[in-house]
Amino acid sequence: MPSYLEFRNHQREQYDFRWRLLAASILVLCCFGILASRFYYLQVMRYEHYQTLADNNRISIVPTVPNRGLIFDRNGVVLAHNYFVYTLEITPGKVDDLEQTIADISALVPVSKLDRKRFNKLRAENHNFISVPLRSHLTETEAARFAVHRYRFPGVEIRARLFRHYPQGTLGAHLIGYIGRINDKDIKNLTEAGDLSNYKGSDHIGKGGIEQYYERELHGVTGSQQVEIDADGHAVRVLSSVAPVAGENLILSIDSTMQKIGEEAFAGRRGALVAIDPKTGEILSYVSQPSFDPNLFVDGIDSENWKALNESLDRPLVNRPLHGVYPPGSTLKPFVALAGLEAGRREPPFSISDAGYFSLPGKTHRYRDWKPAGHGQVDMRRAITVSCDTFFYGLAHEMGIDRLTDFLQHFGFGQKTGIDIQGENGGLLPTPAWKWKRWKQPWYPGETVITGIGQGYTLVTPLQLAHATAIFANNGVAMRPHLVTSIQNNRTGISRPVKPQVMDQIALAPKHIDLVREAMVDVTRPGGTAVIVGAGSPYSIAAKTGTAQVIGIKQNEKYDEKNIAERHRDHALFIAYAPAEDPKIAVAVIVENGSHGGSTAGPIARKVMDYYLLGKLPDAQPAAAAALPAPEPIEEEHSEAHD
Amino acid sequence: MIERIYLSLSKHIDGFLMSTIILALVVGMAVLYSAGGHSVGRMQAQAINIVIALSVLWVTANVPPQHLQRLALPIYVLGLLLLVGVALFGEISNGARRWLHLGVVRIQPSEIMKIGVPMLLAWYFARHEASPRLQHHLMGALLLAVPVVLVMKQPDLGTSLLIAASGFYVLFLAGLSWRFILGVGASIAVAAPILWTMLHDYQRRRIEILFDPYQDPLGAGYHTIQATIALGSGGLAGKGWLNGTQAQLDFIPERTTDFIFAVFGEEFGMLGNILLLLLYLLIIGRGLFIAAYAQSTFGRLLAGSITMTFFTYAFVNIGMVSGILPVVGVPLPLISYGGTSLVTLMLGLGILMSIKTHKKLVSS
């Protein structure tokens, strides 16, 4: 019975099929059960967790960067300001083929070789997820052209940024400093100072000079916006905001015209000049030559410029007033003289008969005077005026090194001056204890002898020398040297003056001060070592010349023969203050390899003083000055070996 | 008159199934309005998709199952040819070769196979209904494997797995022996660890990320992480229609298509999710009921397979959005935006109605 069989099969099949459907139904219910329990887990058990995540997802705190404070000179001339610039920036981590992308961008917006070099350098210095400028200063047209094609370039953005600009260029670059991109070290410092959150959104930070020292004042307080964002990070709307507080403006004691006169007076020579108002400690001029253009650093310097600046033999990046250390040479003599007088030695009418050398008792070694025949009968006043070495050899020996350095340190030698620029070098005022610690060698009496004329281990910075001169000019009252005279709140317009600060008051007998001052005034008069400086001056100048040996050549420096000769020449030093009776300005000048303090360093100081005291602009005739016949005694080098 | 037109129009429409479908479509439009950023244009486009898909449903429902049975082999062969055509001449889009240009129309042959494969297998087992043996199942598996492999090569893993599932349901419902199923399952379980050791590191990594998207939060895992945040923050009752912050703020990628459930779950919460599951259960239950009472072998196998495939779509989509299944490109049935998948779906549902409403004709 086939039909029956078929029927049975049919029924059987349907029966089996329904069992299978039941199995399938169970599968469906199980699977939906799993989904339902997953919902329970996500939406009930973990609800709060995901709620938090969703809020974080939705609301983002976006920093609003404050405008950096401006820097002005004492007359309101702008030294540093900000302006808006379009930059084209790439986040390397978001770009697949960087080379291709840059090539494609170049078709729209010109990208120079220098731009690429700078970009590569910045890229190497930054994390992959940090956006790095490829080009800055885009024109409106370029920005618009790129904007049209933006969709083609994920990870590439145009940003309007506030740019720092130093309109005076190289003028005073070392004192103003510059800002540069925040690096890992800056982040570490900010973290330690607890300031990191204030720098969210900031790309730049002060890297030197005023920009660095007054970073806190200049930067301002970062504001914030609470914004609703989508997953691409685009703000949808602002929920609330705290406005940023712009950085404060700084007014410097520098006079940019005077600064310019000082810089130009160097006429291409290397060196430094620091001028201080002795009564307040305000720094009137701060010259470091050669200089550099701080604008190069603002958005990351390219490797070519960097190499040129960094490897130049003239070392333009060295902040000479602060970091350049030189033996003070004879400029130390007025201070040694004061030390002797205050110790009750060499007071008039004491005098020596100088035969051209000094010998320690019981020794035959001769410490020679720069004038081989000697100066004849020399008292304290004349010893300073003619810069008699023999006189000071004996004085130093008699006082002993400890008493000498004890006195000198009151004038700031071997110590930081406390100027408002970071990284100051404290120079070196040697003592037997220092020598033992440093060299594990005893102090020799001969080392005391040469310390008396500013040779040996003693090292000063131009700033220290100017500071010491200012202290003396101010009758022993030490004012803290500073560049910023007032800090101006950008919003309220209210200025906080920076009050002059007395650091120390050295008890000096007026008659001793008078004696040394008169001797220093004589230096600029016929018979003195700097008669050229005093020539034709309507005000009296107290000064002292100095010469510092160039000790050895720094390693890694290769010169041709002519250069070696030039760079082996002595450094010329010069300190002065004027008017001598009522000092308004104290100056220290160092001209590297300038040979003669009186003839090369002195005239530079004179130009600066003339402008400051008389408002006189230089005649711009350095040739005429050089043509003057060299006045008789000019210092010789002190080449005596140690004992 | 109107009543007669209505009767003739609705003659082959299953009222129960139709109401649940309409309900799901309405829900879909509402979610789409929210997910699509209140875009009227997108609503219009989807409305057109729905009209076309419902027409397809109506036409299919009016085709008697016997005709469908006769069409099974030609559709399968045509689909297969088109798949080969795609492999040879297909257009590459988004890194995959899925589309084929036929003059003015651009078609995706893998969609055809979603219906073509279960139809062919149901046809095949209907021919051998008296004595389905192992060799028939092996033959069935082969007929299934060819299109699955072709689609997988495109590559379109999601669709190929769905086609494989739809074919497997036919094999299963046709009485594939439990012993065979368990045997294959066991051998996969044994072979998997051995295969695992044979893979390259990067291949393992890809599979790991497939199952644990959190290992790659900014890449493959981004969708899943954002979707689970959306779902989880929806809570028990949801944030309310149009109030889902994740959805409104663009955090959910593909939020109108494959990830639309994240928007639904965020705005309607766990209660809404359960209701949606119940709605799907009604559709699936009705489909299984139709299968159970279908009178021809072809009808019941096809109805069962279509229903279970529908279930699979829903389960895989919701599973991937809620982070328990790997992310494969599967839309949420009747809710996700998109014309092609909706038409394919309605074609299947139309077949269900055809099987349901043409029963009496068969038995008479």
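Residues are numbered from 1 along each chain as its sequence is written, and chains are lettered from A and ligands numbered from 1 in the order in which they are written.

**Stop 1**

Select A:R346, in the loop between α13 and β13 of chain A. Its phi is near 65°, a positive value in a residue other than glycine. A:R346 is buried, with 23 other C-beta atoms within 10 Å. The burial classes count other C-beta atoms, placed from the backbone, within 10 Å of a residue's own: 20 or more is buried, 12 or fewer is exposed, and anything in between is partly exposed.

Now select A:P348 and A:P349; the peptide bond from A:P348 to A:P349 is cis, with omega near 10°. A:P349 is also in the loop between α13 and β13 (351-354) of chain A. Most residues other than glycine have a negative phi, and most peptide bonds are trans.

**Stop 2: an annotated residue**

Go to A:S330, which an unreviewed UniProt entry annotates as "active site". UniProt positions are given in the numbering used here, with feature names shortened, and annotations may be inferred rather than shown by experiment. A:S330 sits in the loop between α12 (320-323) and α13 (333-342) of chain A. Is A:S330 buried or exposed? It is buried, with 28 other C-beta atoms within 10 Å.

**Stop 3: the loop between β12 and α11 of chain A**

Select A:Q289 and A:P290, whose connecting peptide bond is cis, with omega near -5°. A:P290 belongs to the loop between β12 and α11 of chain A. A:D293 is found in the loop between β12 (283-289) and α11 (303-311). A:D293 is partly exposed, with 18 other C-beta atoms within 10 Å.

Which residues does A:D293 touch, leaving out those up to four places away in sequence? They are A:G169, A:T170 and A:A173, where contact means C-beta atoms, placed from the backbone, within 7 Å. A:D293 and A:A173 are 120 residues apart in sequence, but their C-alpha atoms are 6.7 Å apart.

**Stop 4: the nonpolar cores**

A nonpolar core is a set of buried Ala, Val, Leu, Ile, Met, Phe, Trp, Tyr and Cys residues joined through C-beta atoms within 7 Å. The largest has 116 residues, and A:I210, A:A576, A:V587 and A:V608 have the most contacts inside it. Helix α19 (residues 462-473) of chain A gives the most to this core, with eight residues. Select A:V587 and look for its contacts beyond four places in sequence, among them A:L273, A:A466, A:A576 and A:V608. Apart from this core lies another, of 102 residues, including B:F268 and B:V330.

**Stop 5: where chain A meets chain B**

Show both chains: 34 residues of chain A are in contact with 39 residues of chain B. On the chain A side, the elements that give two or more residues are α1 (2-45) and α2 (47-58). α1(A) gives the most, with 20 residues.

Within chain A, select residues 21-41, which the unreviewed UniProt entry annotates as "transmembrane region". This span is 100% helix and 0% strand, and its end C-alpha atoms lie 30 Å apart.

**Stop 6: chain B**

Chain B has 15 helices and three strands, and buried residues make up 46% of its 364 residues. Select B:L242, in the loop between α10 (221-234) and α11 (245-248) of chain B. Its phi is near 70°, a positive value in a residue other than glycine. B:L242 counts as partly exposed, with 14 C-beta neighbours inside 10 Å.

**Stop 7: confidence in chain A**

The mean for chain A is 85, and 89% of its residues reach 70 or more. Residues 552-561 of chain A stay under 50, and the model has three contacts for them beyond four places in sequence. Over residues 621-643 of chain A the pLDDT is below 50 as well, with 42 contacts beyond near neighbours in sequence. Where pLDDT is low, the predicted coordinates should not be read in detail.

Terms used: Predicted model: local features only at pLDDT ≥ 70, side-chain atom pairs only at ≥ 80, totals over all residues. Contact = placed C-beta atoms within 7 Å. Helix = DSSP H or I, 4+ residues; strand = E, 2+ residues; numbered from the N terminus. pLDDT = per-residue confidence, 0-100.
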